[in-house]
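Please examine the sequence and the coordinates shown below before reading the report.

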Amino acid sequence: MTRSPFPILALALGLSLTVGCSSDGAYGYADQADTDADWGTDADYDADTDQSEAPDDDNDPDTAPPEREDGFAALLPAQTDVYVFIANPDRGTVTRIDVHTKEVLTTRVGNDPQIVLTSPDYATAAVFNRGDDTVTVLDAGSLMGVQVPVRPHMNRMVMSPDGGWVLLWHDVRAERPDDPTPTGTVSFNEISLVDLTTQTHYPMVVGFSPSDVAFTPDDSLAVVVADAWLASIDLTASTPSPNLVRVSEDLINPPSAEEVLLSPAGDVALVRQFGASSIAVVDLNTEVVQYTPIGDNPTDLDLAPDGQSAVVVSRGSHELYRFDLGAPFDAPEVLALPEDASLGSVLFAPSGNTAVIYTTATLEDRYATWDLTTDQIDLRSLPKPVAGMAVTPTGDTLMVVHTREDAPDAAQSPFTNSWALSLIDLNDFRPNTLRLPSEARGFVNSLSGDRGYLIYETESLLTVLDYNTLIATDVQLRSNPVWVGVIPDLDPTDDIEPPAWVSQEHPLGRISFYGADDQSLETLTGFELNSAIED
Amino acid sequence: MIRLLPLLALAGCGWSGMPDGSDWDTEPLWSPTGVVAASGTLYVPLADGALAYVDTDGADSIVDLQGGQRRNLMVLPDETGIATFLDREYCVPDGRDECADLRTDSTVALIQDGELQLEVPVGKHLDTLAFAPGETRAVAWLAGPPPEGPLGVVNLNEIDILDLVDGTRTPVRVGFAADRILFTEDGVSAVVLSQSQVAVVDLTASPPRTSTTFPLTLDPDVVVTPVGVDLTPDGRFALISTNSGGDLYILDLLDPSVNLVSLPGTPSAMHVEPSTDETLFVFPSRSELTVMDHDRFELRTIDLDEPMSRILSTDRYALLYAENRGRDVYRYEYATGELTEYRLQAIPNEMALSPDGAFGVAFTAPTSTNRAGMELIDLRGVRGETIPYALDAPGVGLSFTTGDDGSVWALVLQDGIDSLWRGELATGIADVVPLIDAPVGIGDLGDGRFFIAHDNAMGLVSLYDPSDDTFLEASGFALQNILNETEPLTLEESP
C-alpha cells in the first residue's frame, strides 16, 4: 500500500478504503487505503528533499530508499454528512462547521487535540488529544463528549471501518519535532484500543514498533503489524486482547515491517517487510506462517479492486507478484516488469482493468501501464519524476504529481526545476502537464469524479481540475491552504455538486467553501472566536 | 462655594479681571455651541450646570433642575424634549455638622416644555445616553474619560440600562471602555462595543442582562478597538471594523458566531445601505470603494482616483468625498452601481446633501485666493456642474429650507460675519440676510424655522422664519442664572 506524498483527503467518508472493499479501488487513489489520518503534512515527505543529491546507489532499485510514504497528518479535518470538524490544538478545542448552514460551533476537548476522525454513520467523532493522552469521543450532533484516557506517547490513531473502535499506537516514522518530550518509562510496544460505543479503553502490548493496522470490514478483527510480530485482536471478545504471531524468521535482526493487508474474509494476513525477499502469509486461524519468496526488495503491497487478489511490487527484481487471496498460500503469479525502469508502487484504476506502476523513490521519469485483462505492461514517459499518483474516480484520468527535481540527464523544459502536475487521459494517454506555483499539498476529487481540487504549500490558491477537459482553473484563497475536502452528496439525484472546502492558515481559523456549479467561494474566518462566545 | 460676581463683566465678553485678585470665574455664562432644539423650542446650557429654555415665541426662562447641575444635552428621539445627566450634591451630617461630608447622586432627567418630567438614577461616572427604539429604555455609558473628583469605586466594565417607564436603573457588565451602542430595530437588544469584545444586552429581560458576549481576540495581549459599527438591515449581523488592520468582524446575533472578512485596510468610513442590502467602505490610503453584500459577505472593488474618507447617503446614491484631503467627489448609484466623478475647485472641509439629494454643498479650504469657499454640486444630471463661491470667512453653519414652491434654499453662516447667506440651489439666486450679531451656529428648530446662536456674552439666539423672513430674538437669558448659586441639598430635599 503506497501512500501519497501529500494529504489526499478521501473525505467522502464511508468510501474510504476498508480492507476487502478497497477505496483504492473505489477511487483509484494511491493512498485511499488509509481511513486514518495519515495523509498528513509530510513528516517524511520533504519538499526540499533533493533526490538528485541522493547517494549514487539510491537509483539502484536494490538499495534505493522505500517508496516514499506520505507523512502523518496532524490536524486533518474530519467530516460527516453535514459537518466538518477541525481540531484547534492551541485552544484545546474542536470546531464543528455545518457546511450547509455555515453554523460554527466550538467545543472543548482535551489538551493539544491533533487528530479528528468521524465514524461512517456520521454520528461520532473521535479526537486524539496529544497533550493529555486522551481520546475525546464526541457526539457529532450534540457535541457532548466523553474523555477516555489512553496510553502515553501515542502519535497515530485509526478508526475501524464500522466506526466502533479507534486504535492508537506510537509510530517512530510519525514522530515530529514538536512531539512532547516523553517522561518516565517509555514503551514502543504498546497500543491503545478504545471502544467508541462504551468509551472503554483496552491497553495492550504487541510487538516492537508497530507500523500498520488493518481491520476486517465488519469490525470483528484488527491486526497490528510490528517488527517480527503480527498481533491479531478479536474485537468481538468481551475483553479484547492481542494474539501474537511471529512474522519474521530472524528474531535477532528482524526486517522492518511496513504493511499488513487482510483478506476480505479476515482469515489471512499478508505482511510486507522492507528489504525482505519474502512476504509473510499468515493464517490467522491456525497461526501458520508461510514465507513466500517475492524477489528482491518488495516495496508495495496492494489489494486489487475486486478484493480477490493482492499484488506485490518487487522493485529490486523488476517483478510483480499476484497472490490469489482465495488460495493465498499458493505460489503467486509472477509478471516481469520492464528492466530499464525502477518501478516500486502499484496503483489500480477503480475499474480493476488497469493499473499504473511507478516509483517515488528515485528520479524516474517513466511509469508503466498494466492492462489487467491481458497482463500487457507498457513503459511510458513522463515529463518529470513522480512524487505521487492518483487515478480519478471515473478511472478515465491519471493524475501525476511531479517532483521539483528533474530526472538525471533530463533535457531543459518549461518544467525544469519546477513543481508540476500531469493529467493523463487513460484512454489515449494524452497529457496536460501544468507547471505549479508551489509544491502540491493535497488534493481531493469531487464525488462525481469529474473534478479534482488541488492545494499548495505556499500559495493561496485552490486549483480546480476538470478531468474531462484536463483543464485547470485557479481560485484565489485568502490565505495559504492547509486541508482540502469535499462534502458528501446527500441527494445524488438533485444534480447539485456538493461543495469542496479548504481550510486555511489564520490565527483564528479560516475555511472556504467552493461551489463548482456556480464557481462561488464563500469563506468563514475567525471561527475559533466562537469557542469564547459566552451565550 | 461663594463666587464674587463682578458686575462690570456683564458688559463684556465673559468675566473680566478683578483688580484685587479675588476668587473669580472666567467661565462663559452660556455655551452657544451647545444649544439644542426640540419641537420649535431651545435648550441652552448655562454656566454652573444650569439650563435655559426658549419657547416657540422666543420667551426664555430657567429650567428648574431641582438643585441639580446638568451635563450633556441630548434631544429625545421623538424630539419632544431633551434628556440630560443631572448631578446633585447632598450634605451628609455626622451629628455635629449638618454638612460634614458631601455625596453626589446622578440621574438622567427627561425635560419637556421646559419642565423636568422624569428622573432615573444613573451611575455618576456615566456621560452618554442612547435611546432604544420604542423610547421606553435607554442605555447610559461612559464615552469620555472618567470625570474628575471623587466618584467612589465604580465599575468601568458596566453600563446602565434605564427603564424610562418605571424609572429604574440596572447596571450590566459589558466589558471595558464601552464605546458605541446599537439597537436592534425591535428594540429588544442593545449591541455594546467595548475593548476587545462586543456584548449583546437583552433589554426586555427582567432585569436586563447580557445575553451574549462576542470576543474580538483570544490573545489577552492584543487589544482590538472597534472603529466603525453598524447592523445589517435585517438586524441579524453586526458589522464591526477595528483598528487591527483590515479585519471586519461579522457577528451573527441570531446564531451567535463570528466571521471575519478581510478588507483592504481599516476603513475610514462605512455605510450600510438597506435598499441593496450591502455595505460600502472607503479607505484612507486606498483609492477604491469596496462594496460587500450581506448574503455571502463577498467584496467587490471599484477603483477611484483618490482615497475617500466620508460617505453621505440618500435613498438613491452615496456621495463620497475626501475631507481635508482631495478634490474628487464621487456619486455611487446603489441600484446600478454606476459611479460618477465630480471635481471640486478646492479641498472640502465638510460636505452636506440637500434634503432632496439634488445638491451637495461643501465648505472648502482657502485656495490661491486665500479665501475660504463654498461649492455647490448639482447632482441632478450626469454632467455634475460645480459652482464655487468665495466666502468672507470660513463657513461655520449650514442648513437647508424648502420654500412653498418646493425650491430648496441653503442657509450659510460664516465665522464672525453678522449676516446669513441664503441661496436657492436650483437657480443660484442668492441674497444676504442681516443678523443682529455675529453667529456661531445654526440649527433646525424642527418647525420650519431655524435658530442662530450668536457670539454674545449675555446670551443671544435668533429664531429665523424663512417663510416670511422674520426674526425673533431671545437675549440676556444667560444673566438669569448669574446670581443663583447651587448649594448642596439636604437628604430630605431629594426629589
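The report covers a four-stranded sheet of chain B and a disulfide.

## Basis of the model

This is a predicted model, in which local features need pLDDT of at least 70 and side-chain atom pairs count only at pLDDT 80 or more, while totals for chains, interfaces and linings use all residues. Residues are numbered from 1 along each chain as its sequence is written, chains are lettered from A and ligands numbered from 1 in the order in which they are written, and side-chain values use heavy atoms, with hydrogens and water left out.

## The sheet of chain B

Four strands of chain B form an open sheet in the order 33-34-35-36, with antiparallel pairing. Strand 33 (395-402) and strand 36 (430-434) of chain B are the edge strands; each has a single partner strand, so one side of each lacks a neighbour in the sheet. On average, neighbouring strands of this sheet are turned by 25° against each other, direction ignored. Strands are DSSP runs (E, at least two residues), numbered from the N terminus, and two of them pair if DSSP finds at least two bridges between them. Axes are lines fitted to C-alpha atoms.

Strand 34 (residues 408-414) and strand 35 (residues 419-424) of chain B are joined by five bridges in the antiparallel sense. Leu411(B) lies opposite Arg422(B) of strand 35.

## The disulfide

Over all chains, one disulfide is counted (a pair of cysteine sulfur atoms within 2.5 Å). Cys91(B) is joined to Cys99(B), with an S to S distance of 1.9 Å. The link of Cys91(B) and Cys99(B) is left-handed, with -75° about the S-S bond.

Cys91(B) has 11% relative accessibility and is therefore buried (under 20%; exposed is over 50%, partly exposed in between; 1.4 Å probe, protein chains only). Cys99(B), at 30%, is partly exposed.

Key:
Axes are lines fitted to C-alpha atoms, for helices over the stretch in contact, and angles run from 0 to 180 degrees between N-to-C directions.
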